[in-house]
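Student: I would like to learn how to read a model like this one. Please take me through the features in turn.

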Amino acid sequence: MSSEAPRKRLAPFGFTPPDRATATEFWVVRHGESTWNADGRYQGQTDVPLSHIGILQAASLAERLTGLHFDAVYTSDLVRASQTADAVAERLLGNPPVQADPGLREIDVGELSGLVIADIRARFPDYLSTLIREPWATRRPGGESMEDLFARCGAAFDRLRARHPGGRVLVFTHGGVVRVAVGLALGGVPANAWARLSVTNTSITRVLLGENSGTLLGFNDDAHLEDLLEATEADDVLGQAQ
């Protein structure tokens with residue numbers, strides 16, 4: 001047996017990784033396909049249920065996560081997320097309760113709710129032009145910007161992190177909120193990179209968040225959908241034209 005002392009795990013220069021003893025590992029799941037996802041409609045915070053495909057996607061995710069342990073399960077209070085959460089939670093070890101948190105809601109798209117991209121191009125051309133120039137700070141008409149979403153959902157993740165230090169937490173939410181989790185893990189995401197983060201329905205993104213640091217452990221894992229129809233990628237952040 002070697003007498004050498006075990007090597008310390010080296011971190012990239014200038015980066016201090018989160019301490020596993022106090023940080024929280026989040027498994028962040030986008031909801032299954034909704035009826036408005038299927039129609040190509042913006043939904044934001046409008047309460048829209050899962051489609052038949054979305055129900056099958058949630059069942060496939062439940063099968064994949066059967067028997068796993070999580071210290072807590074949280075969901076956006078919107079029905080497409082809570083339906084997905086309920087389908088999975090009953091298959092987890094100990095059948096943990098699902099706790100709703102409005103802070104995990106999708107970006108508020110305001111007047112864009114219910115519209116398809118062709119409607120938005122016709123009715124809100126100035127908004128789209130501004131969005132291209134300022135994707136981070138531009139608010140949806142009557143709604144939120146990505147900057148607003150990051151502040152709101154960042155606070156929600158911070159609350160949950162403080163509540164479950166050293167734990168593993170399962171979160172059911174929306175495409176925009178998954179991007180927030182990635183941003184928190186990476187210490188921010190360049191403004192033009194948001195639209196390049198494709199988040200499919202019921203995909204799993206894993207992040208480790210500490211008080212002042214984070215790490216991206218896995219992104220957009222949808223291996224459980226291989227035997228189903230292709231998952232919807234477009235959402236209220238990307239838009240249906242991308």
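Student: Which strands does helix H7 (residues 175-186) lie across, and at about what angle does H7 run to S6?
Tutor: Keep in mind throughout that this is a predicted model. Helix H7 lies across S1, S4, S5 and S6, and its direction is at about 145° to S6. Helix H6 (residues 146-163) also lies across strands, here S1, S2, S4 and S5, and runs at about 135° to S1.

Student: How many helices and strands does the protein have?
Tutor: The protein has seven helices and six strands. Along the sequence they follow the pattern β-α-α-β-α-β-α-α-α-β-α-β-β.

Student: What is the order of the strands in the sheet?
Tutor: The order is S3-S2-S4-S1-S5-S6, in an open sheet of six strands with mixed pairing. S3 and S6 (214-221) are the edge strands; each has a single partner strand, so one side of each lacks a neighbour in the sheet. From one strand to the next the twist averages 20°.

Student: Which strands are joined to S1 by bridges, and in which sense do they run?
Tutor: S1 and S5 (residues 204-209) run antiparallel and are joined by six bridges. Within that pair, Val-28 is opposite Thr-205 of S5. S1 and S4 (residues 168-173) run parallel, also with six bridges. There, Arg-30 is opposite Thr-173 of S4.

Student: Which way do the residues of S1 point, and are they buried or exposed?
Tutor: The general idea first. In a regular strand, side chains alternate between the two faces of the sheet. In S1, Thr-24, Phe-26, Val-28 and Arg-30 point one way, while Glu-25, Trp-27 and Val-29 point the other way, and all are buried. The cut-off for buried is under 20% relative accessible area.

Student: How many bridges pair S5 and S6, and in what sense?
Tutor: Five bridges pair S5 and S6, in the antiparallel sense. The two strands form a hairpin, with four residues between them. To follow the pairing in the model, take Leu-209, which stands opposite Gly-214 in S6. Then take Ile-204, whose bridge partner in S6 is Asp-221.

Student: At what angle do helices H2 and H3 pack, and how far apart are their axes?
Tutor: Two numbers are used for this. Packed helices are described by the angle between their axes and the distance between the axes. For H2 (residues 52-65) and H3 (residues 79-89), the angle is about 35° and the axes are 8 Å apart. The crossing of H2 past H3 is right-handed. H2 supplies Ala-58, Leu-61, Ala-62 and Leu-65 to the contact, and H3 supplies Thr-84, Ala-87 and Val-88. By class, the residues of this contact are six nonpolar, one polar and no charged.

Student: Which residues of H3 are buried?
Tutor: They are Arg-80, Ala-81, Ser-82, Thr-84, Ala-85, Val-88 and Ala-89. The buried residues of H3 pack against H2, S2 (72-75), S3 (98-100) and S4.

Student: Where is Asp-101 found?
Tutor: Asp-101 is in the loop between S3 and helix H4 (117-123). Its relative accessible area is 8%, so Asp-101 counts as buried. Leaving aside residues up to four places away in sequence, Asp-101 touches Thr-75, Ser-76, Asp-77, Ala-156, Arg-159 and Leu-160.

Student: Is Gly-176 buried or exposed?
Tutor: Gly-176 is buried, at 0% relative accessibility. Gly-176 is found in H7. The C-alpha atom of Gly-176 is separated by 9.1 Å from that of Trp-194, and the two residues are 18 residues apart along the chain.

Student: What percentage of the protein's residues count as buried?
Tutor: Of its 242 residues, 49% count as buried. Contacts can be read by sequence separation too: among those between residues at least 6 apart, 75% join residues at least 24 apart.

Student: What pLDDT does the protein average?
Tutor: The average is 91, and 89% of the residues score at least 70. Residues 1-8 have a pLDDT below 50, and this stretch has zero contacts in the model beyond near neighbours in sequence.

Definitions and conventions:
Residues numbered from 1 in each chain as written. Predicted model: local features only at pLDDT ≥ 70, side-chain atom pairs only at ≥ 80, totals over all residues. Heavy atoms only, no water. Buried < 20%, exposed > 50% of the residue type's maximum accessible area, 1.4 Å probe, protein only. Pairing = 2+ DSSP bridges. Axes fitted to C-alpha atoms, helices over the stretch in contact; angles between N-to-C directions. Left-handed = near helix turned anticlockwise from the far one by under 90°. Contact = heavy atoms within 4.5 Å. Nonpolar A, V, L, I, M, F, W, Y, C, P; charged D, E, K, R; others polar. pLDDT = per-residue confidence, 0-100.
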